[in-house]
Each structure stands twice: as C-alpha cells, then as structure tokens.
Amino acid sequence: MTARFIAPAVMGLLMLVLWEAIVRLAEIPPYVLPGPVAVARTLVADWGMLAPALGVTLTITLEALAAAVIVGVLLAVLFSLSRWVELSLFPYAIILQVTPIVAIAPLIIAWANDVDLSLLICAWLVAFFPILSNTILGLRSVDHNLLALFELYGAGRWKTLIYLRLPAALPYFLGGLRISGGLALIGAVVAEFVAGTGGNASGLAYRILEAGYQLRIPRMFAALVLISAAGIAIYLLLSLLSHLLLRRWHESAIGPEE
Amino acid sequence: MQLVGVRGVAKVFANGVKALDGASLDIEAGEFLSVLGPSGCGKSTLLRLIAGLTPASAGTIEWPAGKPDLGFVFQEPTLMPWATALANVELPLKLGGVARSEREARAAEALDHVGLAGFERTWPRELSGGMKMRVSIARALVTRPKLLLMDEPFAALDEITRRRLNTDLLELWQRTRFTAVFVTHSVFESVFLSQRIAVMSTRPGRVLSELAIPAPYPRTEAFGTSAEYAALCRLASAQLSEAMAA
C-alpha cells in the first residue's frame, strides 16, 4: 500500500530534480523552458490571478459534468425503456461524440451568444457520451433470472427499473463518470481556447493563451500545473465516490482476500 | 386435489429448437414431485412454462383451483449483490406492496426457517454457495406460496452441502406443506426427495413414465443407505435409460 504512494512520489521528485539541474546547467532561458522552482515561484506570485481563473474553469467543468450525468442517465433510462427511441436517437449520440469538439466549438460559441453557456455546452458534449453508453450497458447487464423473478412477482417496468436495473447499472455508470470527469475538464479547456482566441474568456486556458502571447512561459507552466492538478483531483474524488458506493458488494471495490 | 394440469404442451424457441413436444403432467396439491431427465431435455422449460415465465407454443396449462402464489428457485442463487440477505428475501414482499415492518419480520422468519438466523445483515458475497442457495429458498418461500418450483437448485453445490440442503428442504416441506416440483438430472436426489418421479425423454422432451416412491417421511441418512433406496434408484435409473433410448 505504501509502495503505491512512495514509488511514484520518489520518481516524480527525481524527475523534478533532473529537470531543474538540466535547466540550470544548460542555462536554458525561462522563456524557453523554466525550471520547476521558477514555475512554483510564479504559481505563488500569480496566485491572485490564477486562482479565479481556476475557479472559472472548475465551475464550468463541474456544471458540465452535472449536466452530463443528468442527460446521460435520463437518455440511458429512456433508451432502455423504449427500443424505438434508442434506435432513432443513438446514432446521433454517436455522431455528437465522434465530431471533434474543436471543430464545432466556434459554431456553438457563435450560436449560444453567451460565453459561459457555450463553454458549458462544449464541455457537456464531450463529457456525456461515456455516461450514456456505460449506463446503457449497465441497464442491459441485468441477470436474466432476476428479471424473470421480477416478472414472476408482477413488478412492472418502473419497479424493475428502480429496484433492479438501476442498481445493476451503478458500477457501469460510475466507470463512465470517472471517464467523463476528466473529459469535462478537457472539454472546458478546449472550448476556452477556442473562445479565448476571440478574447472573451477568463478561465485557465485563456490565461495560458494570454501568457503565451506575452512570452510569460513560467506562467503558462503554472496554469498547466493547475489544470493537471484539477484533473487529478476530479479523478480521485470520483474514484473515492465509486469506492464508497460499491465497497459493500461489487467485485471492483473488494480485495481478493477480504 | 389436482393443482396443475399440463396438457400436451410444446415449446419451440425462436431459433427453431423444439424443447418440448406433447408434454403432459398432473401435479397434486401438497405432493413432492421430481422431474428427472437428461441435460437439455426441456425440464427447465417445462418449469418456466408452469411459472408463466414463457408462453407455450401448443397445449395448455390448467389450474383447476386457480393459479396460486408460487415461488421459483433457480440453479444459481440469483441474489441481488447490492442487497443484504434480509433485503433479498424481502424482495417479493416489497414488490407485492407489503409494509416495511411486516416484510422485515416475515423475511427474518423465512431466513430463520432455512437456518440462517443471524445472517440478516450479511452481503451475498460473504456467504458460501450453500448459504446463498438457502437465502434463495427463503426468498421463494417468504410469500408462503402454495407451489414451489425448483430448477436443479443444488446442482452446482458440493456433495456434502447438497445432502444437508436436501434434508433441510424435506423438513421445510413437511413443516409447511407446499407443493414441490423439483427438476433434477440426479437419480439419487430425485429418489431421496420425492413421492413421485416424472421421467422425461431427450429433446424434444415429454414425460415418458412415472415412478412412485412409497417410502415414508421423514427420510434420513438411514433411508439414503437402505436396500429399499438402492432398489428404487435402480428402478428409476432403468426408466431414465429407457427414456433416453426412446
């Protein structure tokens, strides 16, 4: 257990030391590659500007993730209840998924006429598909004998959905949620980049663009560190949620000799 | 009194496989009947037809006294892994709209009857195969059904566990007097458990012969080693061979 944390921590520390050493020994100027110490210093010095930007990006990410959960689960349930709805709509969900977000972001930004809303739509578009497809898979992965049992006791569609299909789908949904958490952040950042080229955004990606124009490379790195940290935090939080919900009964959350 | 009358039932699946053809069987109220046949002879299909889980392609299933509440035990325990033993047993009552306090009491009682008192809050993954099957039986009996349909319920268990469950099942049956229909491919199991054995042919299945097991209950270990038991097993075995050759 401890090795799981110590090994990557030691590895990371070594890489940082190596990075700093190379930057110093080769006298690489900070506008080409700043060392980790310079990045950390910038992170502290620019915190007053970066923290609100982080707040903006995180807000959009979490809103998009919430919207993805609501729409993804509702659509999955609808699809599971009606074969016809699924047949008619699922191909379009796939089309939305495979179209690169960078390609449609300008359109969405032009149409939505509101920066926050357009960013939200972009991040949501990227995030919702894993939740939809995983939840559909879960709703279908119900033990057939349990379905027969529900039929035997005269449970209708709704009771079967609530007491059988939804609990059975929970592990699959949580797997999708973990993927979507990261994707929502990526979607938000990408959309900010597209919107940012128009000069009207305030999230982290916009700060990166701005710092790039001004050749403030350490600040770019500092913003990048924040985005990565946010992504890792989201992943860890969703993993924790998944563990808490499944630890009692699902194989994925139980050790082999527990 | 006759409980179920299966009259010339046939079942053809969508893929064209004919599982049953002209199967007829009478089931008396309160009896312990085994349906014995080789693998894939349509025994399970017959059970599902009686339960109403799948429609017959031809023939009818009659309920002279009306269709009673019934319980079903599958070959696998078929428990919900996300629910405790108690919640699993409660399920039929919950689906039937029974109030929470009553269904908890009845589910606890059903668990007690299968020898699992004290395991109410246990999760399925923490139970052994035999205990899971006991939970499954408790769930089937919690509604106090008139008819209990069992589809090779102990086939996946080890010999020692199976023997204990057989004995305990008989004890439960004697105490509550439900009608038991027990599908099995084991000659020994069917002779040990039942009053009557219906022997089925290979696919497409139908009931070819019947054999009465007149031995009295309670049937114990002693019955399982008696000469009478051995003779009845020989008889049942001969009928099964005949059915498979037909």
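Predicted model: local features only at pLDDT ≥ 70, side-chain atom pairs only at ≥ 80, totals over all residues.

Modeller: Two residues are taken to be in contact if their C-beta atoms, placed from the backbone, lie within 7 Å.

Chain B is divided into domain 1, made of residues 31-55 and 148-246, and domain 2, residues 73-145. The C-alpha centres of domain 1 and domain 2 of chain B are 24 Å apart. Between these domains, 14 residues of domain 1 of chain B are in contact with 13 residues of domain 2 of chain B. On the domain 1 side of chain B, β6 (147-151) and α5 (159-176) each supply at least two of the touching residues. The largest share of that side, four residues, is provided by α5(B). By class, the side of domain 1 of chain B that touches domain 2 comprises ten nonpolar, one polar and three charged residues.

As to burial, six of the six residues of β7(B) are buried. Both faces of the strand are covered, with B:T179, B:V181 and B:V183 on one side and B:A180, B:F182 and B:T184 on the other.

A separate description is needed for the open sheet of three strands in chain B, whose order is β2-β1-β4 and whose pairing is antiparallel. β2 (18-28) and β4 (58-62) of chain B stand at the edges with a single partner strand each, so one side of each has no neighbour in the sheet. Neighbouring strands of this sheet are turned by 10° against each other on average, direction ignored. Strand β1 (residues 2-12) of chain B pairs with β2(B) in the antiparallel sense over seven bridges, and B:Q2 has B:E28 of β2(B) as its bridge partner. Helix α1 (residues 43-51) of chain B packs on this sheet and touches β1, β2 and β4 of chain B. The direction of α1(B) makes about 120° with that of β1(B).

Finally, chain B meets its neighbour: 14 residues of chain B are in contact with 17 residues of chain A. The side of chain B that touches chain A has ten nonpolar, two polar and two charged residues.

How values were computed. Residues numbered from 1 in each chain as written. Chains lettered and ligands numbered in written order. Nonpolar A, V, L, I, M, F, W, Y, C, P; charged D, E, K, R; others polar. Domains from an automatic or database assignment. Pairing = 2+ DSSP bridges. Axes fitted to C-alpha atoms, helices over the stretch in contact; angles between N-to-C directions. Buried ≥ 20, exposed ≤ 12 C-beta atoms within 10 Å, placed from the backbone.
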